[in-house]
Amino acid sequence: METKYDYLEKSPIRFDAEDKVSGTAYFTDDYKELNMLFAAKLKSIHAHAIIKSINTDEAVKQKGVIKVLTGADLPYLLGIYLGDTPVLARDRVRYFGEPVAVVIAKTQEEAQNALSFIKVEYEKLPYVGNVTQALKQGAFVIHPKMNSYSHLDAIHPLENTNIANINKIKKGNVDLGFVNSKYIAEVNTSFPSSDHVSMEPRVAIAKIKKDGTIIIRSSTQAPFVVRNLLSKFFNVPISKIIVQTSFVGGGYGGKAGIQLEGLAYLLSKAVGGRPVRLINKREDDMVSSPGHIGCYQKVKIGISKYGNIQAMSLIYHFDSGAYADYAVNISRAAAIACSGPYNVENLYCESLCVYTNHPFATAFRGFGHEALFGIERALDILAEKSGIGKLELRYINAIKEGDYSPTMQYMDENTGNLEKCISKVANMLNYQNGDYKMIDENTVRAKGISSFWKAPAMPTNTDAGAILTFNEDGSLNLSTGIVEIGQGSYTSLAQIAAEILKIPLKKIKVNYEVSTLTSPHDWATAASRSLFMAGKAVIIAANDMKKQLFEIAKIPLRCAAEDLILEDEYICQKSEKKKRIKISEVALGYVYPNGNAIGNQIIGRGAYLSKGLSDIDQETGKGSPALEFTIGVEGVEIELSLLTGEYKVIKAVCAIDAGTIINPNLVRGQVVGSMAMALSNAINEEFIYDSSGKVINPNLRDYKLMRFKDAPEYQVKLVNTEQKDGPFGARGVGEQGFLGIYGALANALSCAIKKPVNTLPFPPSKIYSIYKSAGEI
Amino acid sequence: MIANNFSYAKAENLAEAFSYYKKIQEENGKPFYLSGGTEIVSFSREKKISPSVVIDLKNIKECNDFNINEEKIFFGSCLTLNQVIEKNEFPALVQACKIIDNTVRNRLTLGGNILGKLPYRETVLPLLLAEAKIVYYCENGIKKESLSEVFDKRIQLPPENLVIGFEVDKEKANNPFYYERKSRAFDGYDYPIFTAILTKEEENIYFACTAIFNYALKINNLTRFLSNSNLVAKIRAGEAVNKINLIYANNFRANEKYLRNLLTCFFEKGIEYLEGIK
């Protein structure tokens with residue numbers, strides 16, 4: 001790649017590669033504490049029931065058991081947006097897998113073993129099995145005490161209903177828009193609840209020092225959020241809490257917010273502050289802890305004779321499961337970006353977050369923007385109806401600079417280039433050869449495409465910080481509050497520091513250990529914002545260092561600071577580069593030959609705070625919630641047997657407008673990783689319930705993910721519309737590659753069998769049954 | 001992690017394993033024979049089984065044997081699926097061994113696949129079709145009898161009887177065959193919804209399958225429909241499927257309508273394949 005940079009737009013090997021490949025990287029569970037105790041959770045066997053009694057008498061007598069606790073012992077509610085979640089179920093359970101009791105024992109085996117001696121007596125309550133049932137007149141109200149829950153202002157729960165949040169977007173005149181439409185498509189689509197299946201299950205280790213300081217080590221994406229929520233819900237001063245984390249083995253949103261930390265703290269408190277490790281078994285991680293949200297979409301789109309979208313009406317019903325957690329903000333995020341990357345002047349959206357008796361949902365790669373796949377299905381149907389090409393229809397309606405987002409945010413010069421992404425995807429898929437081809441009498445090849453976009457849905461005052469320090473030899477140490485969750489941000493952040501300070505990467509160490517005690521404040525490693533925000537902070541910190549270096553160096557070099565530049569680890573005079581001093585001679589203060597010292601050690605300080613953002617209006621949805629939109633297009637090509645519905649994804653492609661590329665391999669890694677995760681999710685992943693709401697596949701025996709063997713050929717092309725307020729013009733790419741896959745695959749399958757495929761997931765038996773069903777596309 | 005304690009015993013010979021198993025049984029314990037351990041570990045984890053003693057068979061020579069001569073091949077029950085694949089002497093069995101993934105197949109044994117708790121028992125299908133003999137150790141010492149005599153959904157022998165291995169005629173092991181295995185979505189590493197084999201001996205086509213009807217079985221009464229060379233494969237396939245009077249699996253992985261369709265396609269393709277290679 002031709003580049004004007006020394007260290008950017010290049011793909012050095014990740015800083016954490018050797019540790020991870022050799023198995024020597026330390027994850028939370030690798031840390032052992034002296035006198036550590038172990039905890040295990042007993043899970044509810046019912047989806048909805050009153051807890052009549054819990055008898056722990058036998059369990060406490062088991063070998064090694066220190067303590068058995070139930071909800072009655074721990075009367076606390078938690079929740080990042082809405083405080084509705086008991087740390088252990090009290091009085092009733094609301095989903096299959098909900099923790100009802102905890103055993104603390106001397107070993108993990110003893111804790112686990114004692115669980116089977118706890119006797120719980122339940123009385124079943126009506127099972128609210130989906131959002132339709134939950135929204136019905138007279139539906140059983142899952143949270144009758146909603147009015148007593150604390151919640152953030154941005155969330156709007158409706159008492160005496162199962163609605164945890166409601167957001168609306170109203171733009172233009174939708175009714176008139178439909179009147180002016182030549183073609184109208186209506187489509188109902190959905191995706192079910194599923195799981196993140198991070199390689200590392202969640203784990204937290206808590207202890208309390210004699211002075212009351214709470215120390216939590218956790219597999220968290222959000223140590224500062226954890227600290228804040230612990231303080232808020234347990235009424236402990238923030239100064240008394242330290243949250244630490246090191247490498248996290250996959251987050252995908254599932255380790256944002258607060259997870260096991262609250263319970264781990266209470267367990268340590270119950271045993272006098274001794275360290276307690278609370279770890280999820282895989283089965284716990286899948287249903288007991290929160291997963292991927294489900295959603296029903298009712299989409300109606302009208303276009304003019306020429307293909308311009310005249311009106312769009314959207315109803316999103318998100319299945320939050322038993323508790324709100326992040327789901328209430330996911331439904332809000334979906335509303336904020338509800339139109340997809342299209343210019344829609346007449347727009348209506350109603351996005352509900354609905355309680356059911358399913359395992360609850362939290363943040364997940366894509367954060368609700370995957371609901372936009374309904375729009376992509378409708379666009380394909382409109383293309384069929386109008387005879388306008390599928391690519392062309394998207395091209396005509398692509399959002400551009402000068403348009404307005406659904407919340408009436410002005411789309412500025414940073415708006416990504418959807419048209420370029422469409423044409424790149426068309427090229428990669430050889431779309432000029434059409435999207436449908438019979439290979440033999442029973443085999444079809446078909447292509448499908450989908451646009452996507454995503455804006456981070458985060459607090460309006462989201463921040464990041466960076467601290468750079470020098471060592472004696474002029475090498476550099478970088479600390480931020482970003483957690484390494486697999487994304488590789490630290491390598492990019494080091495590249496940014498190297499670029500500004502002209503210090504080679506091998507002389508930069510990054511601090512993967514994040515601690516609320518020593519790391520600069522950081523909102524959370526979520527919302528695809530690590531590189532964007534911490535990157536900005538690193539730029540400021542590196543420039544701060546540079547300025548200080550020049551201030552000291554100008555004295556022995558006898559020139560003005562503005563006459564200096566950095567080059568190859570030297571501070572040089574611009575006009576006469578021979579006149580120079582090594583950075584290492586200045587890094588900790590300069591010492592003259594006679595021993596006199598000047599200056600001092602140089603510490604680089606950088607910080608970022610998002611500015612100018614606002615929440616959205618409850619009635620109209622107007623506001624400025626989006627920091628940036630990352631836009632792109634994805635496509636897949638499949639080969640499908642009409643005899644059996646079996647198909648293979650041959651090719652999956654993505655063109656994404658990522659702005660300036662700091663590290664091409666990491667961008668590709670994020671995009672391909674997202675695509676693989678989405679393909680697996682779209683083809684096969686879902687929680688399956690029996691008639692009483694019990695999850696029948698809460699383990700990896702029965703819940704299968706796609707493996708490399710089934711991976712298609714992946715192609716990624718990048719578009720580079722600079723994000724002027726991003727670091728060197730870069731924007732976030734952590735999640736977006738997930739978002740177009742649902743639509744692209746649904747469209748390819750619909751094209752292949754000439755019947756609408758709208759309900760995820762898409763195992764071959766379902767495709768066959770749709771193919772054989774009556775009715776046309 | 002297996003939370004409950006259990007004892008581990010390593011047997012050095014058949015008699016020792018057998019008598020120890022009996023002893024534990026008589027003491028009202030719950031003995032399990034152990035070879036690869038993939039099921040014992042994963043089911044114990046979920047508390048679906050809780051052995052009091054596991055008796056390791058890996059040191060018993062006979063159970064690890066692989067013998068081949070002019071006429072017969074013997075597969076010890078403790079051979080891992082990967083070992084059977086590497087021996088490569090029984091093509092249909094090799095195919096049937098290609099389940100799950102390489103890592104698991106390095107542990108999972110032939111005996112475990114056939115005698116375990118899971119209903120699929122894929123590897124028993126080619127053995128049934130090849131009219132294999134089962135060799136086992138019982139009260140009266142080593143016994144050999146027809147596998148199909150003792151197999152009905154699973155091996156119907158008293159649990160203490162220790163299956164040493166399986167013997168097949170070399171000729172039958174090399175009969176032409178047609179095999180398909182399908183899962184709900186990702187073939188290979190999910191449980192099967194459909195595993196089926198057709199073999200051909202002289203002009204006759206024989207059929208065995210698992211998962212489709214919830215368990216492993218050889219269906220004898222289809223042979224005359226499948227082998228009726230007066231009719232084209234498509235007709236024969238339809239007739240054979242109509243002739244089946246068994247209950248299809250019906251769960252989140254598959255349903256009757258889909259399985260019937262897969263079976264019809266399978267018969268048609270299989271017949272054409274087997275008759276095409278004459």
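The legends below describe several close-up views of a predicted model.

In this predicted model, local features need pLDDT of at least 70 and side-chain atom pairs count only at pLDDT 80 or more, while totals for chains, interfaces and linings use all residues. Residues are numbered from 1 along each chain as its sequence is written, chains are lettered from A and ligands numbered from 1 in the order in which they are written, and side-chain values use heavy atoms, with hydrogens and water left out.

**View 1. Helix α10 of chain A and its surroundings.** Helices (H or I, at least four residues) and strands (E, at least two) are DSSP runs, numbered from the N terminus. The expected span of a helix is 1.5 Å times one less than its number of residues, and for the 14 residues of α10(A), residues 373-386, this gives 20 Å, in agreement with the 20 Å between the end C-alpha atoms. Because 12 of those 14 residues are buried, α10(A) is largely enclosed by the rest of the structure; here buried means under 20% relative accessible area, exposed means over 50%, and partly exposed lies in between, with a 1.4 Å probe and protein chains only. Among the buried residues are A:F373, A:E376, A:R377, A:D380 and A:S386. The cover over the buried residues includes the strands β10 (183-191), β15 (294-303), β16 (309-321) and β19 (443-454), together with the helices α11 (390-397) and α17 (741-753), of chain A. Just after α10(A), A:G387 takes a positive phi of about 80°.

**View 2. Helix α13 of chain A.** Just after α13(A), A:K502 takes a positive phi of about 55°.

**View 3. The crossing of α6 and α7 in chain A.** The axes of α6(A), residues 223-234, and α7(A), residues 261-270, come within 10 Å and cross at roughly 55°; axes are lines fitted to C-alpha atoms, for helices over the stretch in contact, and angles run from 0 to 180 degrees between N-to-C directions. The two helices α6(A) and α7(A) are therefore oblique to each other, given that angles under 35 degrees count as roughly parallel, over 145 as roughly antiparallel, 65 to 115 as roughly perpendicular and the rest as oblique. The crossing of α6(A) and α7(A) is right-handed, a term used if the near helix is turned clockwise from the far one by less than a right angle, whereas anticlockwise gives left-handed. Contact means heavy atoms within 4.5 Å, and in this sense A:V226, A:L230 and A:F234 of α6(A) meet A:E261, A:G262, A:Y265 and A:L266 of α7(A). The residues of this contact divide into 5 nonpolar, 1 polar and 1 charged, where Ala, Val, Leu, Ile, Met, Phe, Trp, Tyr, Cys and Pro count as nonpolar, Asp, Glu, Lys and Arg as charged, and the others, Gly among them, as polar.

**View 4. The packing of α16 against α17 in chain A.** Helix α16(A), residues 664-684, and α17(A) pack at an angle of about 50°, with their axes 9 Å apart, and α16(A) and α17(A) are therefore oblique to each other. The passage of α16(A) across α17(A) is a right-handed crossing. From α16(A), the residues A:M675, A:A678, A:L679, A:N681, A:A682 and A:I683 meet A:I741, A:Y742 and A:L745 in α17(A). By class, this contact has 8 nonpolar, 1 polar and no charged residues.

**View 5. The surroundings of A:V586.** Residue A:V586, found in helix α15 (residues 583-587) of chain A, is buried, with a relative accessible area of 0%. Leaving aside neighbours within four places in sequence, the contacts of A:V586 include A:L549, A:I552, A:I571 and A:I602. Between A:V586 and A:I602 there are 16 residues in sequence and 8.3 Å in space, C-alpha to C-alpha.

**View 6. Backbone details in loops of chain A.** Most residues other than glycine have a negative phi, and most peptide bonds are trans. A:M408, in the loop between α11 and α12 (418-428) of chain A, has a positive phi near 70° and is partly exposed, with a relative accessible area of 34%. A cis peptide bond, with omega about -10°, joins A:L760 and A:P761, and A:P761 has its place in the loop between α17 and α18 (764-772) of chain A.
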